[in-house]
Amino acid sequence: MANAGVDDDIFEALLETVERFVRERLIPAEPTVEENDEIPADIVAEMKAMGLFGISIGEEYGGLGLSTMQEARLIEALCNASLVFRSLIGTTVGIGSQGIVMDGTEAQKREWLPKLATGEAISAFALTEPDYGSDASRIKTSARREGDDFIINGTKRYITNAPYASVFTLMARSNPEISGARGISAFIVPADTPGITVAKPDKKMGQRGAKTADVIFENVRVPAASIVGGPENEGKGFVTAMKVLDRGRVHISAMATGTSQRMLNEATDYAMDRKTMEKPIAEHQLVQAMLADCQTEIYAMRSLAHMAAKLYDEKGAAPMEAACAKYFTTEAAGRIADRCVQIFGGAGYMAEYAIERLYRDVRLLRIYEGTSQIQQTTIAKGLVKRRAEQR
Amino acid sequence: MKVLVPVKRVIDYNVKARVKADGSGVDLANVKMSMNPFDEIAVEEAIRLKEKGAAEEIVVVSIGVKQAQETLRTALAMGADRAILIEAADDVHTDIEPLAVAKLLKAVIDEEQPGLVIAGKQAIDNDMNATGQMLAALLGWGQATNAAEIEIEGDVAKVTREIDGGMQTLKVKMPAIITADLRLNEPRYASLPNIMKAKKKPLDAKTAADYGVDVAPRLTIVATTEPPARKAGVKVESVDELISKLKNEAGVL
């Protein structure tokens, strides 16, 4: 179930602090992050100290317990800075903590949530495999029972934050007899468990500084008690993942909105300063059309993200609406990135300007946490089902 | 030792200030307000003294409109222990003058008996740079202004100040007033969990009348004007022309 959230006046103070941190610390650090392919250690420490890892974890476990709406607003503000910073907290704020918050045993909550909330432990979600991405319910990584333990074997691919992770939420097939989702369990696996190898970080198109890597599990022994929710939750790993997914899609919608606002701010500033034909290009009608289209879409994105967040807070689920929001906002972010580069003209193609980097970074949004095409099928199935109930 | 830090709510330093149409001051209606940056440095220094074991309690005081309690909450979230709000105005445009502020602070200090007061050297809204000095005079305490470094040695504060031509170090016997300069420290960000906890820390609400201090302004603002707009530059054809212009027109050579 969704967090109740914090009081409005406290939330405004939180938001203001994050906005200031973004403006004074994160945005100025972006070129360094891009250059070194790494977030500087002092910024990581500040992000931890600020409590950003704990925004979705309840106050009783040392987090903030933001509602989905508050999380969306805070994440939008955070994503005025490079998406790379958000990526570092993303896997902890998402399933890493929420799997345990929603379905974990009391012992699991006490063991992990306080460490996750402070960023002392960083969580990564190990679902995707070399052969299974969008069809994740067919994953092959096996969890073979041996007494009270499970022995895990398999390879996970593109695992965000794997090089930094102190714990994995690992999806593995605990029942080889069932080939679909119900044969899968979610395990909480400390990264220092013998048999785990994190491969070299992947080379990516963008989001330099955010790390993904293959993670190889070879005869990794974990107790049955490490299944999220305890041994009785064997085979329910996918149910846990699905519950977390809606909130995650709202979260991504907020990210898309935040980074789009940043890109439009960059493009608007440029259009006001850059002159062609003896006037600022912001006064040329065809440039105005691009600016207006960006602004209009951002307004729609924010509205959609907030509508889906509100629904999730009220109902505890919003599968179709969250999919609509993720689909629309990330596709719109792609269009906005394209227009903003266009507004910059030749300069937009040069790495000297932030827009070139933002354009590459934003491309991922339409792919991860369910591609646009998966969102479309989810939306279509959802609306057909609803219509069938109405007729 | 108890440390008292006065904090002022001022126009946020990122906001582009606009002068009111009637020239009576800067327009503050619906403008983002924050803690005066020098006061933030003062709060940070007090927290560092506490972390080093040189101070036990940090009390923050703000004088002005009711909304100044947001500023106090920020200081509490950074690490101050408790706060006192002295409401002395209803209108955000009313600036309580340094002498009235100093008198009110003296009254608070008489009650609280702090061993040290750290204030910002000036507020960025009116740049008076007077409250700390007036307070020292009213209390009869020693003062060290524009502090770039503070060290506590027993009942003495060793303060390094940036002055024309270098650094000056002086010792001041406590209790004393120290005003903080820009390079004293770099204030921390309040952490999000501490912002939540700050709401539970004590905040006493008082009024200027409680202390019997008259806050009526003594100064009259004659005019407020925006800085003149920057004029367009000129392109020169040669170095000789540049030198001639600098000599004859700008008069800087």
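UniProt positions are given here in the numbering used for this structure, with feature names shortened, and such annotations may be inferred rather than shown by experiment. With that in mind, the UniProt record, an unreviewed entry, places "domain: Electron transfer flavoprotein alpha/beta-subunit N-terminal" on residues 23-215 of chain B.

This is a predicted model, in which local features need pLDDT of at least 70 and side-chain atom pairs count only at pLDDT 80 or more, while totals for chains, interfaces and linings use all residues. Residues are numbered from 1 along each chain as its sequence is written, chains are lettered from A and ligands numbered from 1 in the order in which they are written, and side-chain values use heavy atoms, with hydrogens and water left out.

## Annotated spans

| Annotation (unreviewed entry) | Span | Helix and strand | Distance between end C-alpha atoms |
|---|---|---|---|
| Acyl-CoA dehydrogenase/oxidase N-terminal | residues 12-120 of chain A | 73% helix, 0% strand | 26 Å |
| Acyl-CoA oxidase/dehydrogenase middle | residues 124-220 of chain A | 0% helix, 47% strand | 17 Å |
| Acyl-CoA dehydrogenase/oxidase C-terminal | residues 235-383 of chain A | 77% helix, 3% strand | 28 Å |
| Electron transfer flavoprotein alpha/beta-subunit N-terminal | residues 23-215 of chain B | 30% helix, 31% strand | 22 Å |

## Domains of chain A

A separate division of chain A, whose bounds come from an automatic or database domain assignment, gives domain 1 (8-118), domain 2 (123-235) and domain 3 (239-390). The centres of domain 2 of chain A and domain 3 of chain A, taken over C-alpha atoms, are 30 Å apart. In the contact between these two domains (contact means heavy atoms within 4.5 Å), domain 2 of chain A takes part with 7 residues and domain 3 of chain A with 9 residues.

Buried area is the accessible area (1.4 Å probe) that two parts lose on being put together, summed over both, and for domain 2 of chain A and domain 3 of chain A this comes to about 680 Å², with 61% of it on carbon and sulfur atoms. On the side of domain 2 of chain A, the residues that lose the most area to domain 3 of chain A are S134(A), M205(A) and Q207(A), which together account for 63% of what that side buries.

A salt bridge is a side-chain nitrogen of Lys or Arg within 4 Å of a carboxyl oxygen of Asp or Glu, and between domain 2 of chain A and domain 3 of chain A the count is 0.

## Where chain B meets chain A

Between the chains, 13 residues of chain B are in contact with 24 residues of chain A, and the area buried is about 1,600 Å², of which carbon and sulfur atoms give 60%. Y189(B), L192(B) and M196(B) supply 48% of the area that chain B buries against chain A, more than any other three residues.

Side chains of opposite charge can pair when their charged atoms come close. Across the interface of chain B and chain A there are 5 salt bridges, among them the one between K199(B) and D9(A), whose closest N and O atoms are 3.2 Å apart. The interface of chain B and chain A also has 8 residue pairs in polar contact, both residues at pLDDT 80 or more. Helix 5 (residues 192-198) of chain B gives the largest share of the side of chain B that touches chain A, namely 4 residues.

## Further local features

Over all chains, a search of the whole structure finds 46 salt bridges. One of these joins R262(A) to E30(A), with the closest N and O atoms 2.8 Å apart, and this pair links distant parts of the chain, since R262(A) lies in helix 6 (residues 237-273) of chain A and E30(A) in helix 1 (residues 8-36) of chain A, 232 residues apart.

Most residues other than glycine have a negative phi, and most peptide bonds are trans. N161(A), although not a glycine, has a positive phi of about 70°, and N161(A) sits in the loop between strand 3 (149-160) and strand 4 (167-173) of chain A. The peptide bond from M174(B) to P175(B) is cis, with omega near 5°, and P175(B) is found in the loop between strand 9 (166-173) and strand 10 (176-180) of chain B.

Key:
A polar contact is a pair of N or O atoms within 3.5 Å; within protein, one must be able to donate a hydrogen and the other to accept it, and residues adjacent in sequence count only if both atoms are side-chain atoms. Helices (H or I, at least four residues) and strands (E, at least two) are DSSP runs, numbered from the N terminus.
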